[in-house]
Amino acid sequence: MAYNIHHCNPPSKPGLIDLEAIVSTIRKQAPDLVALQEVDVRTERSGGVHQAEEIAKRLNMHFFFGKAIDFQGGEYGVALLSRYPLSEAIVHRLPTKAETKGEPRILATAKVTLPDGTTLRFGSTHLDAQRDSVNRELQIREIVKVASAEPLPFLLAGDFNATPGTGTINLLDQAFTRTCQECAPTIPVLKPTKAIDFIAYRHPGGKFSVSSHKVIPETYASDHLPVTAIIRVQK
């Protein structure tokens, strides 16, 4: 699952934090792996809660939080949730052109060990949101560079702030295979018009296959619709 959770603030209720709405949305899909974006850790606006830890605890999952920025006395960034053990967790800082004053962005990854001993690299990212694509393209190039140096199969999910056919997604598609080609829109949650949240994979041996891709019509919990895919790993 890829899910931008808007710091657990339902867009219809400014100032309210409804962590259980996010937990419930994830629980209904029963994913093995979740890439979260816009996660608050001990910030004032979210009541000092470690959102990644609390969501993981309620779902009985492992987690890793990657900080992008300091915010309101706490931290803000992306997170990984996994039903299976996580190890070798890393935060990769992504480039931003200084003159754009873009918010710092990251790629958080960890090694996932499946029950049969298979290992893979799982990553969550949230690319620059400015109108100009210069930072997004710099950032996706860096992600491709990281992935190209990774010997393990690589699953990448997140909010790319770019639609199919743009330079950013074209660069993604050169190195990864998205789980959708004709992708259903993910924003805005009411009458969505644009697909910007994706799940993608990279496996030099070609051992991943996609058996389903869905956008979940959950319109209350966040300002993005969550995306799920079932990906089979062939031995």
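1. A pocket, as the term is used here, is an open set of grid points with protein on both sides within 12 Å along at least five of seven lines. In this predicted model, the second largest pocket holds about 200 Å³ of space.

2. Fourteen residues, written 14 in the count, line the second largest pocket, and those nearest its centre are Arg136, Asn161, Ala162, Lys194 and Ile196. By class, this lining comprises seven polar, four nonpolar and three charged residues.

3. The largest pocket has a volume of about 590 Å³. Its lining is made up of 24 residues, and Asp32, Leu33, Ala229, Ile230 and Ile231 are the closest to the centre.

4. Several strands contribute to the lining of the largest pocket: β7 (119–126), β8 (154–159), β11 (208–215) and β12 (227–233) each provide at least two residues. The greatest share comes from β12, which supplies six residues.

5. In the lining of the largest pocket, 18 residues are nonpolar, three are polar and three are charged. For the second largest pocket, the corresponding figures are four nonpolar, seven polar and three charged.

6. Helix α1 spans residues 19–29, and its buried residues are Leu19, Ala21, Ile22, Val23, Thr25 and Ile26. These buried residues pack against the strands β1 (2–4), β2 (33–41) and β4 (74–82), and also against helix α2 (51–59).

7. After α1 comes Ala30, which has a positive phi, near 50 degrees.

Note on methods. Residues are numbered from 1 along each chain as its sequence is written. This is a predicted model: local features need pLDDT of at least 70, side-chain atom pairs count only at pLDDT 80 or more; totals for chains, interfaces and linings use all residues. Side-chain values use heavy atoms; hydrogens and water are left out. Buried means under 20% relative accessible area, exposed over 50%, partly exposed in between (1.4 Å probe, protein chains only). Helices (H or I, at least four residues) and strands (E, at least two) are DSSP runs, numbered from the N terminus. Contact means heavy atoms within 4.5 Å. On a 1 Å grid over the protein atoms alone, a cavity is a set of points where a 1.4 Å probe fits but cannot get out, and a pocket is an open set with protein on both sides within 12 Å along at least five of seven lines; lining residues have an atom within 4 Å of a point. Grid points are joined across faces, edges and corners, and a volume is the space filled by probe spheres set on the points. Ala, Val, Leu, Ile, Met, Phe, Trp, Tyr, Cys and Pro count as nonpolar, Asp, Glu, Lys and Arg as charged, and the others, Gly among them, as polar.
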